[in-house]
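Open the model in your viewer and keep the selection tool handy. We will go from stop to stop, with a look around at each one.

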Amino acid sequence: MKTSQLFTKTLKNAPADEVALNAQLLIRAGYVYKEMAGAYAYLPLGLMVVENIKRVVREEMNAIGSNELIMTSLQNKAVWEPTGRWDEKVVDVWFKTKLQDGTEVGLGWSHEEPIVEMLKQYVHSYKDLPISLYQFQTKMRNELRAKSGIMRGREFVMKDMYSFHASKDDLDNYYTQTIEAYKRVYARLGISDDTYVTFASGGAFTKFSHEFQTICDAGEDVIYLHRGKNIAINEEVIDDAIKELGIAREELERVKTAEVGNIFNFGTQKTDEMGLYYTDDSGKQQSLHIGSYGIGITRVMGVVAEKFADERGLVWPSAITPFQVYLVQIGTSPAVTQAAQSLYDTLLAQGITVLYDDSDRRPGEKFADADLLGMPHRVVVSAKTIETSVFEYKNRTSQDATLLSLADLQMQLTK
Ligand code: ATP
Ligand code: MG
């Protein structure tokens, strides 16, 4: 794509009320637009990042046999009543509204109850199990605070997956497979070195849920790390965990983190509350075993933005960057334009994504944009480079540029 066709321009300043670094950078770089606190629009560049994250997650969920679907945002009050979760004293993030005839409806903050209800129509026998379903959906949560930019939205994209099993063992096995799939997701997104599976702090679910926490100064959570033993403990369970694991508090390092994923093993609790059963091979009615597995897609984007950014702007891992290359043309002579266009065509034909800055702005402005936008590679075509048939190449994270032949450049970009 050429910058002349791109909807957004970079901005000198983020809105004065935006305190989160991730949102400040994403707004300045033209990835997101702030509608109001906790509500961000994803502009073309931002949407590309979201879609790239979704692609990685989709591939890994498909690989463990899950099916993608999309459920509704409008939710039925009656579906949430049997578990007590329509009650705002139980769930404090509801957005609720009314139909014209006065019927109360909720806006989906989770889809656990609705999907259990849906399954009643499709699961009757042990032959219908196991089944795993997932979606990417915009969740609506009336969060008390929304000061972490896209890391905590009142409206945000989540991947939520639900699995249904005939036995405890089958669910436990799938739960473990999902932990491994999540680890692959975070590895592909470039954050596995700093992402830990912790015991979660889910009250009654303590033993039956896990959080995936990524070290991030802007995160809202705290975990205690034992790097030697590779143990991560959520702050809320620290006293119990210390006792249980037989470690000393002094051995633990306190770090700030963001929760990028959360998984729950509900056992048969929800099934029993909501009346979802199946008949086993002897014709007896049995309770289903259910797991629920979330990843905060837009939160992950915020965490990556926040973690890798430097003083010059965003730095995207290659798996999720909107474009691999930021191509800068310096000068407007026909020879330079032709050389830049020809490189652009060559790279596209090779399957390398390029954002080609074809504007007539000053080189300094273009370089500043290249840094702010955060694509992994910057390539410059100028009168000087075409004279010696080379290209100026710089990686986003290095200080110095080097001159490369076309073949060497192509090699560099596909490494
Ligand atoms: P938190 O403790 O951060 O509020 P949660 O326990 O409410 O998270 P879940 O309901 O398990 O989160 O949601 C699954 C995932 O969705 C979380 O692990 C997180 O990555 C993401 N998520 C939750 N709330 C938000 C939000 N307000 N904005 C963006 N992402 C969110
Ligand atoms: Mg929450």
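Select Asn 230 to begin: it is exposed, at 54% relative accessibility (exposed means over 50% relative accessible area, buried under 20%, partly exposed in between, with a 1.4 Å probe and protein chains only). Its phi is near 55°, a positive value in a residue other than glycine. Asn 230 sits in the loop between strand 11 (221–226) and strand 12 (231–234); helices (H or I, at least four residues) and strands (E, at least two) are DSSP runs, numbered from the N terminus.

A note before moving on: this is a predicted model, where local features need pLDDT of at least 70, side-chain atom pairs count only at pLDDT 80 or more, and totals for chains, interfaces and linings use all residues. Residues are numbered from 1 along each chain as its sequence is written, chains are lettered from A and ligands numbered from 1 in the order in which they are written, and side-chain values use heavy atoms, leaving out hydrogens and water.

Next, select helix 6, residues 238–245, and find the buried Ile 238, Ala 241 and Ile 242. Looking down the axis of helix 6, you will see its buried residues within an arc of 100°, so they line one face; the arc is that of the directions from the helix axis to the C-beta atoms. Turn to the face away from that buried side for the exposed Lys 243 and Glu 244. Gly 246 follows helix 6, with a positive phi near 65°.

Last, select Pro 130, which a cis peptide bond joins to Leu 129, with omega about -5°. Pro 130 is in the loop between helix 4 (112–119) and strand 7 (131–140).
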